[in-house]
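My entries follow in the order I made them.

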Amino acid sequence: MSLLSGDGPRGRPLQILIGAVVLALMLAPFLFPGAKALNTSAKICVMILLVASYDVLIGYAGIVSFAHVMFFGVGAYGVGLALYGLGASWTAVAIGLVAAAALSLALALAIGLFSLRVQSIFFAMVTLAVAYAFNVLASQLSDITGGEDGRSFKVPAALQPGFKWLDHPIFGVPASGKLIAYYLVFFVAAVAFLVLLRVVNSPFGRVLQAIRENPFRAEALGYRIVFHRTLATCISALGATVAGALSALWLRYVGPDTALSFSIQVDVLVMVVVGGMGSLWGAIVGAAVFVVAEGYLQDLMGALANAAAEAHLPLLPGLFDPHRWLLWLGLAFVLAVYFAPAGIVGALKPAEGKGKRT
Amino acid sequence: MSALDVGAALPRRKIEILPALTPLIVALVAAPFVGSASTFLTLTAAGIAMGMMIFTMASGLTLVFGMMDVLNFGHGAFIALGAYVATLVLLPLAGWSASDSVALNLAAFALAILAAAVVCGALGWLFERLIVKPVYGQHLRQILATIGGAIIAEQLIYALWGPDQIPLALPAAFRGSFVFGDTAIEKYRVLATVVGLAVFAGETLILNRTKIGLLIRAGVENREMVEALGYRIDRLFVGVFMAGSALAGLGGAMMALYRGQAHATIGAEFLVLCFIVIIIGGLGSVGGSFVASILVALIANYAGFLAPKLALVSNIVAMVVVLLWRPRGLYPVTGR
């Protein structure tokens with residue numbers, strides 16, 4: 001299929017899983033009524049794009065970056081601050097997005113050219129330091145960014161929950177701006193995902209994988225490693241910027257906790273590894289599993305913690321405390337790194353399909 | 001490296017002096033801008049003390065990286081753990097800390113930082129065996145595995161000690177400042193500088209004067225050759241990793257005492273600083289990280305005084321400038 005760039009999910013179980021997730025996201029407003037479910041779905045859409053763009057870097061190019069959430073934050077703050085400063089119009093969204101994309105590109109280019117020529121491990125450290133400084137900068141420049149409190153802003157009228165575009169509900173769901181906003185998030189994320197899929201299956205994507213597997217050999221074949229790696233960084237940064245912009249439009253708020261914090265970076269890492277590095281489909285699985293777990297695993301853990309507390313077991317209430325859910329995901333993460341480097345997607349892949357087109 | 005350099009390096013490696021002088025140069029450049037001599041002295045003393053604490057943490061990281069080629073993102077967790085272990089020792093010993101006897105004060109302090117180092121060293125062994133050992137030689141999986149280990153360790157710290165910060169009082173003798181004329185220098189900063197210098201001296205002695213140190217330096221330069229000569233490199237690895245973790249704990253405990261509180265966020269904060277320091281110093285170089293720690297801390301202090309907004313990015317700027325001058329850090333280690 002040309003829409004999927006000839007790289008659809010392989011293997012029946014994976015196809016069913018991906019199909020189910022995509023279908024569920026597509027029909028989410030109708031299938032799962034209620035604000036929490038819709039927020040969860042929108043977050044999954046945003047995270048799919050964020051994780052997929054990260055996978056281009058970590059899975060395909062084999063570069064570990066810790067500044068990915070910084071680009072996400074640039075997108076979110078760009079759109080958010082434009083809407084805050086210029087008023088709720090589509091022009092403001094466009095201006096914010098373009099400015100954010102330009103800033104992201106400039107940052108990605110600077111970081112890439114500066115640190116990718118040495119060693120990829122160097123890149124990991126430099127991006128960590130830059131992202132940390134950016135985070136601190138965003139919280140300190142409170143005149144512009146609203147500091148720790150962030151900024152709440154109005155989105156264009158068509159996206160506001162109060163906006164009615166039909167008098168009667170569609171299949172029992174009120175035809176509000178929330179519905180438009182959700183489908184904006186869904187379709188932009190879907191299109192961007194398909195673009196990324198196209199990129200990784202292009203000749204450029206093949207070269208990236210060649211560089212990941214053996215940089216010396218790729219260089220000997222005449223490919224400029226720094227150029228390819230830097231371009232991959234830029235593409236991935238743009239993807240993250242768009243994801244950030246979507247997140248800001250959906251939440252109608254930007255702040256360090258939702259757009260820049262290092263914990264989002266860790267979440268993205270967990271998603272990409274659990275879902276499966278080196279396959280963009282892993283992003284869909286990883287993001288869906290993680291966000292659902294984040295939303296609902298905590299309830300389960302709360303119940304377990306209470307049960308353990310009532311049974312007067314030592315330590316267990318603390319370990320099952322709903323706030324400690326990351327502990328269990330961290331364990332899953334480490335186990336995935338050791339035993340399932342290709343994540344859920346790799347586990348579901350048909351055994352013979354390695355490297356072969358089916 | 002050209003053949004000429006190799007030949008020159010054989011009898012005794014030439015130590016370049018200019019990189020070591022960078023902190024001094026920065027201090028001299030900053031001095032006229034700061035203006036008042038007493039402020040300058042206070043800032044400089046504070047910077048050196050801060051640099052010593054950073055060095056204690058960073059030297060462990062750089063050794064582990066140089067020796068094992070492992071970039072340990074779990075280092076921050078050991079820094080945080082050291083801080084919490086210090087609270088475990090100092091809270092029961094509150095009587096010692098509060099007493100008038102300097103000896104008791106010092107004993108409480110020494111016990112706290114030693115306990116932090118020992119506990120972190122022991123858990124470093126566990127961390128190396130469980131998290132790092134299966135992924136030697138694979139950078140990507142190493143980074144991921146140590147991050148996973150760091151997540152787990154941080155969550156365990158929260159589970160054991162709770163999410164709130166724990167206040168930590170300095171022993172009585174180290175509160176307050178020495179005052180010389182207009183210049184006030186906090187007593188604890190002097191103590192931290194002494195401990196940091198002792199760590200540096202200890203590391204330098206062990207690395208340069210003992211068999212183990214010789215093997216470690218050889219391992220940093222060429223691991224295969226050490227293995228080929230019949231040494232059990234994996235034992236050396238564990239030892240270095242434990243030492244690195246112990247140093248992280250020691251630094252974390254000292255920093256927690258300096259701040260007067262222990263909290264798990266100290267880990268991520270100083271991990272970033274440690275990375276900057278070891279990049280500036282040259283990955284794997286203990287001497288380089290010593291110079292870089294002081295340099296970074298001094299620049300942060302001067303920038304914080306002269307242009308507080310700039311202070312936030314001063315570390316990054318320092319790193320960029322140093323790397324433009326010397327792309328592999330102040331004291332690059334051969335073969336990296």
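I began with Glu269(B). At 26% relative accessibility, Glu269(B) counts as partly exposed (buried is under 20% relative accessible area, exposed over 50%, partly exposed in between, with a 1.4 Å probe and protein chains only). I looked up its partner: Glu269(B) meets Arg259(B) in a salt bridge, 2.7 Å from N to O. By the rule, a salt bridge puts a side-chain nitrogen of Lys or Arg within 4 Å of a carboxyl oxygen of Asp or Glu. Arg259(B) is partly exposed too, at 37%. Arg259(B) lies in α11 (residues 233-259) of chain B and Glu269(B) in α12 (residues 265-281) of chain B, so the pair ties together parts 10 residues apart in sequence. Helices here are DSSP runs (H or I, at least four residues), as strands are (E, at least two), numbered from the N terminus.

I noted the basis next. This is a predicted model: local features need pLDDT of at least 70 and side-chain atom pairs pLDDT 80 or more, while totals for chains, interfaces and linings use all residues. Residues are numbered from 1 along each chain as its sequence is written, chains are lettered from A and ligands numbered from 1 in the order written, and side-chain values use heavy atoms, without hydrogens and water.

How many salt bridges does the structure hold over all chains? I found eight. In one of them, the side chains of Arg129(B) and Glu128(B) meet at 2.9 Å, N to O. Glu128(B) is buried at 1% relative accessibility, whereas Arg129(B) is partly exposed at 29%.

I then moved to chain A. Asp299(A) forms a salt bridge with Lys36(A), with the closest N and O atoms 4.0 Å apart. Asp299(A) sits in α14 (residues 280-310) of chain A and Lys36(A) in α3 (residues 35-60) of chain A, so this pair links parts 263 residues apart in sequence. Asp299(A) is partly exposed at 49%. Lys36(A) is partly exposed at 43%.

I stayed on α14 of chain A, where Glu294(A) is also found. Is Glu294(A) buried or exposed? It counts as buried, at 18% relative accessibility. Its side chain makes a polar contact of 2.7 Å with that of Lys43(A). A polar contact is a pair of N or O atoms within 3.5 Å; within protein, one must be able to donate a hydrogen and the other to accept it, and residues adjacent in sequence count only if both atoms are side-chain atoms. Leaving out residues up to four places away in sequence, Glu294(A) touches Lys43(A) and Trp325(A) (contact means heavy atoms within 4.5 Å).

I checked helix α5 (residues 90-115) of chain A for length. Its 26 residues should span 38 Å at 1.5 Å a residue, and its end C-alpha atoms are 37 Å apart, which agrees. The expected span is 1.5 Å times one less than the number of residues. Its buried residues include Ala100(A), Ser104(A) and Ile111(A).

Last, I took the interface. Chain A gives 37 residues to the contact and chain B 41. The two chains bury about 3400 Å² between them, 85% of it on carbon and sulfur atoms. Buried area is the accessible area (1.4 Å probe) that two parts lose on being put together, summed over both. In chain A, Ile121(A), Met125(A) and Tyr338(A) lose the most area to chain B, together 19% of what that side buries.
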